[in-house]
Amino acid sequence: MAARRLSGVLSRSLSLRPLSSSVVSRGKRSNLEGESRRFGTAAALEQPITPSVRINYTQLLIDGKFVDSASGKTFPTLDPRTGEVIANVAEGDAEDINRAVSAARKAFDEGPWPKMSAYERSCVLLRFADLVEKHNDDIAALETWDNGKPYEQAAKAEVPMLTRLFRYYAGWADKIHGLTVPADGPYQVHTLHEPIGVAGQIIPWNFPLLMFAWKVGPALACGNTIVLKTAEQTPLTALYVAQLLHEAGLPPGVLNIVSGFGPTAGAALASHMDVDKIAFTGSTETGKIVQELAAKSNLKPCTLELGGKSPFIICEDADIDKAVELAHFALFFNQGQCCCAGSRTFVHERVYDEFIEKSRARAQRRTVGDPFQKGIEQGPQIDSEQFEKILKYIKSGVESNATLECGGDRLGSKGYYIQPTVFSNVQDDMLIAKDEIFGPVQSILKFKEIDDVIKRANATRYGLAAGVFTKNLDTANRLTRALRAGTIWVNCFDVFDAAIPFGGYKMSGIGREKGIYSLNNYLQVKAVVTALKNPAWL
């Protein structure tokens, strides 16, 4: 989920140093066996840069005020570069969700927000966007510190896209309207598009700010109130920008934020009887639980943006150098922690060997290190759980007899850094080709015919996105219609404009976010039928 293509921002290289690969004990090795695998790295992983941003907000935001959790509990949010505590954050649970929902319900039923003119709501969102722009660098620093993504990525792409998204939805606020409908008989019929009410929203840790914008922006533009649960790994930036929203004029109770854990705060929100709608981004497994809780409570509608195992298909006519760079970006962007990552790289057999050689070389040039350091392309993974999961998948790839071309181990002795890893000779039935790894592990598969690659690309429970790289327009058109995924990028990848809808087929989710389609998630349609007496016309 990139704000825009970032390969230009993140393509600088730094000094190289050799690394070991202790994970690898069995399986095939590439033709570089015996050579040191080398990756561009920051000079000092062990001495992280201290960001200058201050952490001012660690409490829950309920009814316009920052408050402690009802239990008084807190939990630590950690620096992925070191595993050390950044701050202790209020830990919300079911009681806090109740407080937040009560505030949101009162703000919707009695408060000024739904009763404001759409233009007034638009002005609040525009003022907020201006404030985000003013605080761009601090917000980016906080995002990098809590998440581990490169500062340049956060500051030059993601925070500006947060601004762009809110300006986009500010533009929609006063353009939401119903229709006049002709009917058979003497009736005046029109439809109203009304806010749905209290929206529950649960956002993930990989793109905290962008997911905040994807959900909060359309919900507010439509006149709803919100209870938002942040990911326990990354609670800080949502609290920071929420304060700016109130500074922009958002009334109390319209946006409430509860930091906490899924089984407690998340489950309470999804099952709450006074929440009218739930929106969730995260894993498919958790999405199933959210939908079940929503159905068993008050049958609230769900928008779900879930997992993916996206194919990236490189045809025989491709410019290999460009294809290598784009496929590298499609997989390794954001440390590989991207639901739509091009994590199954299908390459035509005629160009396969050349592609492997150049992909290995590109991965070895990737700059890994402290994300606050200029020129870094890859920071640490989010936490120890994700770190260990990725290493287990790498081990699985080796044991399945895929060829490890480079990488395969942790980087340094501190924090959650992993070497950029490339596997060739990957088969469809291997776990690294089936499961969502969510890390810097590129799996490269070979194909011969277009019909064959279409079947293989679609042979997955996921359908979030796909990439096609070809010079042939007929081939591109054939693939874009045949691939069962919500987004198909042709000769590009991770292009995320505010107006482009995003969502999945199959078990990658329900509904669409961004663009005009996202407004439907937060509106109810009401038909109003009035009898006419002696109408002049029908």
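This is a predicted model: local features need pLDDT of at least 70, side-chain atom pairs count only at pLDDT 80 or more; totals for chains, interfaces and linings use all residues.
Asp 63 counts as partly exposed, at 40% relative accessibility. Residues are numbered from 1 along each chain as its sequence is written, and side-chain values use heavy atoms, with hydrogens and water left out.

**Two residues with positive phi**

Asp 63 sits in the loop between strand E3 (60-62) and strand E4 (65-67). Helices (H or I, at least four residues) and strands (E, at least two) are DSSP runs, numbered from the N terminus. Asp 63 is not a glycine, yet its phi is positive. Asn 334 also has a positive phi and is a residue other than glycine. Asn 334 belongs to the loop between helix H9 (320-332) and strand E15 (344-348). The table sets out both residues.

| Residue | Phi | Relative accessibility |
|---|---|---|
| Asp 63 | about 55° | 40%, partly exposed |
| Asn 334 | near 60° | 0%, buried |

**Strands**

Strand E5 (residues 74-79) pairs with strand E6 (residues 84-90) in the antiparallel sense, over six bridges. Two strands count as paired if DSSP finds at least two bridges between them. Thr 77 has Ala 87 of E6 as its bridge partner. E5 and E6 make a hairpin with four residues between them. In its turn, Gly 83 has a positive phi of about 80°.

An open sheet holds three strands in the order E7-E8-E23, with antiparallel pairing. Strand E7 (180-181) and E23 are the edge strands, each pairing on one side only. E7 is joined to strand E8 (residues 187-195) by two bridges.

**Helices**

Helix H2 (residues 118-134) has 17 residues. From first C-alpha to last, H2 reaches 25 Å, close to the 24 Å expected. That expected span is 1.5 Å times one less than the number of residues. Buried residues of H2 include Arg 121, Leu 125, Phe 128 and Val 132. Their cover includes helix H3 (136-147), helix H4 (151-172), helix H5 (208-221) and helix H6 (236-247).

Ala 155 is in helix H4. Ala 155 is buried, at 11% relative accessible area. Its contacts (heavy atoms within 4.5 Å) are Asn 136, Ala 140 and Pro 160, not counting residues up to four places away in sequence. Ala 155 and Asn 136 are 19 residues apart in sequence, and 6.5 Å apart in space, C-alpha to C-alpha.

**A buried lysine**

Lys 514 lies in the loop between strand E22 (509-510) and strand E23 (523-531). Lys 514 is buried yet has no salt bridge. A salt bridge needs a side-chain nitrogen of Lys or Arg within 4 Å of a carboxyl oxygen of Asp or Glu. Which side chain of opposite charge is nearest to Lys 514? It is Asp 497, 6.7 Å away. Lys and Arg count as positive and Asp and Glu as negative, while His and the chain ends are not counted.

The backbone oxygen of Asp 497 lies 2.9 Å from a polar atom of the Lys 514 side chain. For the backbone oxygen of Ile 500, the distance to a polar atom of that side chain is 2.4 Å. Lys 514 also touches other residues, among them Leu 165, Tyr 169, Trp 214 and Phe 502.

Key
Buried means under 20% relative accessible area, exposed over 50%, partly exposed in between (1.4 Å probe, protein chains only). A polar contact is a pair of N or O atoms within 3.5 Å; within protein, one must be able to donate a hydrogen and the other to accept it, and residues adjacent in sequence count only if both atoms are side-chain atoms.
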